[in-house]
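Hi,

Here is the structure I said I would pass on. Have a look through it first, and my notes follow below.

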Amino acid sequence: MYNIKDFGAVSDGITNDTKALQSAIDKCRENGGGTVFIPVGTYVIGSVVLCSNIHVVFESGAVLLGSKNPDDFCPREKLDFPLYQDPSHSYLKRSMFYAENEENISFSGFGRIDMQHVWENTPTPGATEWCMLRCAKIFAFKCCKRVNVTDLTLEHCTDIACYFLGCEDVKVRGLSVDTNIDAISPDCCKNVIISDCNIRSGDDAIVLKSSYALNKKMLCENVVITNCVVTSRTNGIKLGTESNGGYKNIAISNCTVYNTFLAGVALEITDGGDLDGVTVDNISMKNVGTPIYVILSDRRRAPEGTDVGSLKNVIINNLVATGPYDEPWLAPRATTKWEGERMWVTEVVSSSVTGHKDKKIENITLSNITISVPGGEEEEARGIIPPENEKNYPESNGFGKVLPSSGIFFRHIKNLKVHNVNIVTEKEDARDGLVYMDIDE
């Protein structure tokens, strides 16, 4: 066991202890692996590069503080291929912990990592306004195998807290996350289990990607998300928007989503990939803007020649979504910089399950669902025909704030099955609960 204090860590919450932690890890590397021990104390840390066969153990009460100087984190790597995804999913080295092509890495213990809301001093080249000042991730793993992150508390990160790109055999369990951007994001990964996490995020809480960040199409497949509690200023549990490679064999179950502005569960194909085989089961929602959002669209942020993707074989079962929807709730607000906490009131938009006007989604089943909504729309809302908007960024309010259904809007679907779906309106509403357009039975 390699105690970081034996390598010079001061643990006063002021001195930069990155060198001591890196030295302990390097000694592990020299000896073929081992355990790095972080005892009780408060340590200021910049970027650390990990190695194979390493187990980082936090003593209960140990705290790592992300350095307040962005220059203490590694610069972003130079990439020699076109970027079809945002910088958060393009660059990995600017992180507290980074590994590439390593295996058998684990983090455990009831420690805490606080990134202290540190934003960039200068904008990231090529980034949009929304993400130009995002700084360092906590964990960034690229093409790694057998990675476990368990039981930690992660706070106040200004980029993705846990990002896995092209990794296999990943387990994320028992995390408590309070962060400004996405909390947990496997991208082009396979064989992933995310369980027993409690998440509060300023962007998506748990979000699967299948981007072009490895300069090729790769599936995100064989993923389980279970027993998690999430609240988000955007989406609770999401597949997308980056969807070049697609998704296969994804199971989401036994989760609670609350105080979430956009979608509780979002399944999106918009960049040419294929989604095949997703189950969503035993989900409870409270004060969520749009409980269900499923879409095949054609943003096509992808290499030339990419066609419209496909979406099929989706089952959503045993879902309950209720209010009240008018109770304000507190969430992080971050655009180009940290704007602090602010109160939000959920914007309720009907759920939607929609294909592309030239390509239907297929084999969609919804069963045993109860959705309670405010209601109150007048007769003219029944005649609304939502725009296709197939080239737009897909968002649950992208068809407009009022849809022709009070509960769920279905369009461009082949082989749709709906069983025991109950829509309850708190106020009288002229719209039908379920509305169907261009459906092939």
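Is Cys144 buried or exposed? Cys144 is buried, since its relative accessible area comes out at 1%. Before you go further, please keep in mind that this is a predicted model.

On to the cysteines, then. The disulfide count for this model is 0. Take Cys135: its closest cysteine sulfur belongs to Cys157 and sits 8.5 Å away, which is too far for a bond. Cys144 is in no disulfide either, with the sulfur of Cys167 as the nearest one at 4.9 Å; the cut-off for a pair is 2.5 Å. Like Cys144, Cys135 is buried, with a relative accessible area of 1%.

Next, the inside of the protein. The largest nonpolar core has 102 residues, and those touching the most other members are Phe97, Phe107, Ile113, Phe139, Phe141, Phe164 and Leu175. The element that gives the most to this core is strand E25 (residues 274-296), which supplies 9 residues.

Searching the whole structure turns up 4 cavities of 30 Å³ or more, and the largest cavity holds about 60 Å³. Its lining includes Ile295, Leu296, Ser297, His356, Lys357, Glu388, Glu390 and Arg411. By type, the lining residues of that largest cavity split into 3 nonpolar, 4 polar and 4 charged.

Cheers

Note on methods:
Residues are numbered from 1 along each chain as its sequence is written. This is a predicted model: local features need pLDDT of at least 70, side-chain atom pairs count only at pLDDT 80 or more; totals for chains, interfaces and linings use all residues. Side-chain values use heavy atoms; hydrogens and water are left out. Buried means under 20% relative accessible area, exposed over 50%, partly exposed in between (1.4 Å probe, protein chains only). A nonpolar core is a set of buried Ala, Val, Leu, Ile, Met, Phe, Trp, Tyr and Cys residues joined through side-chain atoms within 4.5 Å. Helices (H or I, at least four residues) and strands (E, at least two) are DSSP runs, numbered from the N terminus. On a 1 Å grid over the protein atoms alone, a cavity is a set of points where a 1.4 Å probe fits but cannot get out, and a pocket is an open set with protein on both sides within 12 Å along at least five of seven lines; lining residues have an atom within 4 Å of a point. Grid points are joined across faces, edges and corners, and a volume is the space filled by probe spheres set on the points. Ala, Val, Leu, Ile, Met, Phe, Trp, Tyr, Cys and Pro count as nonpolar, Asp, Glu, Lys and Arg as charged, and the others, Gly among them, as polar.
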